[in-house]
Structure formats: structure tokens, C-alpha cells
Amino acid sequence: MKSKKNNMALFFVGLLVFLIFMFPLYWMVVTALKTQTEIFEIPTPLWPRNITWEPFAEQLSVSGDTLRGFKNSLIIALGAALIATVLSIPASYGLARFRFKAKKPLILFFLITQMLPSTLVLTSLYIMFSKLGLLNTYAAPILADATLGIPFSIIVLRTYFISIPKELDEAAKIDGCGHVQSFIKIMLPIARPGIIVAAVFSFVYAWGDLIYGITFITNPNMRPITSSIYNYVQQYQTLWNSTMAFGIVAIMPVVLIFIFMQRYIVSGLTNGAVKA
């Protein structure tokens, strides 16, 4: 009886937490379906009386801004995710399997970089990219966004590699495999869920970036989808229904990624969480 009460209590707590986290998404959808008049009503209705689809139609209008922004964001996010994942895999493997004096300071450095805001390195990156002639190219935001994904990927993959038994390395050595061969043939296939997690989160970081995209790229035809948010901020008002509709359209690729990759994401996050 006591166990059932505890389960019911946990269920209601979980339901409450779920509703709290889902309410902003619900309010975004509801606001996108409302007219401007309904949005500013007091009290504002919890569901639109007159549903309008015009804000969503604007996203696929003949101007092509949204589709062009999707293409630009896809190029930037895929490039950043590829660089972050490729660089973090050997780095995290080295931190997990080898002992050296600077190991702990390096891990601490990666943890600290996760806490720093993007604007802290914005000026230095701008100067560096300017001297390299990378401004107004996709390479600048790709490299900048990769710096956001690399520390997280290293931290996640390191704990994942630690969770893999060292006996597999020893068995590979007995079979005549060196460090490189055992890493490619044994470690990488086992660590696939962790690698997918690192790639997905690096993609999400780059997809949601705004500050790097509008700083390093001044050509509006090359800017990412997030920069289009300014299209709905007018001189005397903000078109909130269009803004919310834009937000829903912009996050759909990320939502679809998490829906179809959730099995790998959950496995990658939980399998590497048992050891530090």
C-alpha cells in the first residue's frame, strides 16, 4: 500500500514537472494561432477563438527567407557537428585511457569552458577570422560553433570511454592489435551511442546559435535561420504570432532529430553516466 502511494506521488510530481516544461511550448503554439487582437486581450484566452494560419503561411512565402535560412543553418550546423565530433573522439579517448600530468587540468579546463558565455570570445574570434579572411563565409560560424560543441562532446565521450572495460583493450593487444587498431575496430563501434549524442548536441548548439551567425556574416543571404527573428520586430510593434510561428518552424528539425534518435541519445547519456 505504501509502495503504491509512493508511486502515485512520484507520478504526480513527474506530471507536474512535465506540464511546467511543456507549457512554454504550448503557449508558443497557441500564440502562433491567435490574431494580434486576441494576443493583447486581458485576460488573454488560453485557446484562440478564431484560429489563423497566416503566420505559418508567411514562413513559406515567395520571399524564400525561411527556406534560405534553413539551408544556411543546415550547412553551418552539420559542419560544426562534424568538426566537433571528429576532434572530440580522439581527445576524449586519450583522456579516458592514458595517464599524464596535465590530465586533470585539461578536464577542468573543458568544464570551465562550458560555463563561459559565447560573447566572451566574440571579439577575439572576430579579429582572428578577419585576419584569416573568413568573414562572410560559412567557415567562420562553423569554426566558432564547433568551439561550443567540442568541450561538451569531450566530457560526454570521456565518461563513455571510461565505462568501457579495459579488458577489451588487453584482449585486443593479445590478438595483435595496437592502440590505433583497437580504437578503430573495438572502441568506436562500442561507443557509437555516445558519439551520436555528441554529434546531436553539437548540431543543436550550432543550429540555435544567433550571435556568431550575425557577427561573422553580414550578407543576409548567408545568415542562419535564427537571424530571421528580426523580421517580425517592427518600429511600433512586434508581430508575436508570426514570431511564435517562426520559432515553431525553426525548432522542427531539432525536434525531429530527438524523436528519431532518442534511443541512441538516452543510451549514450545513461551508459556514460555511471563513472566519472
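User: Where is the place of I229?
Analyst: In this predicted model, I229 sits in the loop between α11 and α12.

User: Buried, exposed or partly exposed?
Analyst: I229 counts as partly exposed, because its relative accessibility is 27%.

User: What is I229 in contact with, leaving aside its neighbours within four places in sequence?
Analyst: T243 and F246.

User: How are the C-alpha atoms of N219 and N136 separated?
Analyst: Their separation is 6.5 Å, although the two residues are 83 residues apart along the chain.

User: Where is N136 found?
Analyst: In the loop between α6 and α7. N136 counts as partly exposed, since its relative accessibility is 32%.

User: What is the phi of N136?
Analyst: Near 65 degrees, which is a positive value in a residue other than glycine. Most residues other than glycine have a negative phi.

User: Which residue just after α6 takes a positive phi?
Analyst: G133, with a phi of about 70 degrees.

User: Staying with α6, which of its residues are buried?
Analyst: Helix α6 covers residues 122-132, and its buried residues are L122, L125 and F129. They lie on the same side of α6, because the arc they cover around the axis is only 65 degrees.

User: What do the buried residues pack against?
Analyst: The buried residues of α6 pack against α7 and α11.

User: Which residues are exposed on the other side of α6?
Analyst: T123 and K131 are exposed there.

User: Changing topic. At what angle do α4 and α7 pack?
Analyst: About 35 degrees, with the axes 6 Å apart; α4 is residues 65-97 and α7 is residues 139-163.

User: Right-handed or left-handed crossing?
Analyst: α4 passes α7 in a right-handed crossing. The residues of that contact are 20 nonpolar, 5 polar and 3 charged.

User: How many residues are in the largest nonpolar core?
Analyst: The core has 19 residues, and F56, W207 and I225 have the most contacts inside it.

User: Which helices each supply at least two residues of this core?
Analyst: α1 (2-33), α4, α10 (192-207) and α12. Of the core residues, 6 come from α12, which gives the most.

User: What does W207 touch, not counting residues up to four places away in sequence?
Analyst: W207 touches F70, S73, L74 and A77, then I225 and T226, and also A250, P253 and V254.

User: What does the second core include?
Analyst: This second, separate core is made of 13 residues, A96, I162, A191 and A198 among them.

User: Now the whole chain. How many helices and strands?
Analyst: There are 13 helices and 0 strands.

User: What does the C-alpha trace span along its principal axes?
Analyst: About 75 × 70 × 30 Å.

User: How much of the chain is made up of buried residues?
Analyst: Of the 276 residues in the chain, 39% are buried.

User: And of the contacts with a separation of 6 or more, what share comes from residues 24 or more positions apart?
Analyst: Those residues account for 73% of such contacts.

How values were computed:
Residues numbered from 1 in each chain as written. Predicted model: local features only at pLDDT ≥ 70, side-chain atom pairs only at ≥ 80, totals over all residues. Heavy atoms only, no water. Axes fitted to C-alpha atoms, helices over the stretch in contact; angles between N-to-C directions. Helix = DSSP H or I, 4+ residues; strand = E, 2+ residues; numbered from the N terminus. Left-handed = near helix turned anticlockwise from the far one by under 90°. Nonpolar A, V, L, I, M, F, W, Y, C, P; charged D, E, K, R; others polar. Buried < 20%, exposed > 50% of the residue type's maximum accessible area, 1.4 Å probe, protein only. Arc of directions from axis to C-beta. Contact = heavy atoms within 4.5 Å. Core = buried A, V, L, I, M, F, W, Y, C linked by side-chain atoms within 4.5 Å.
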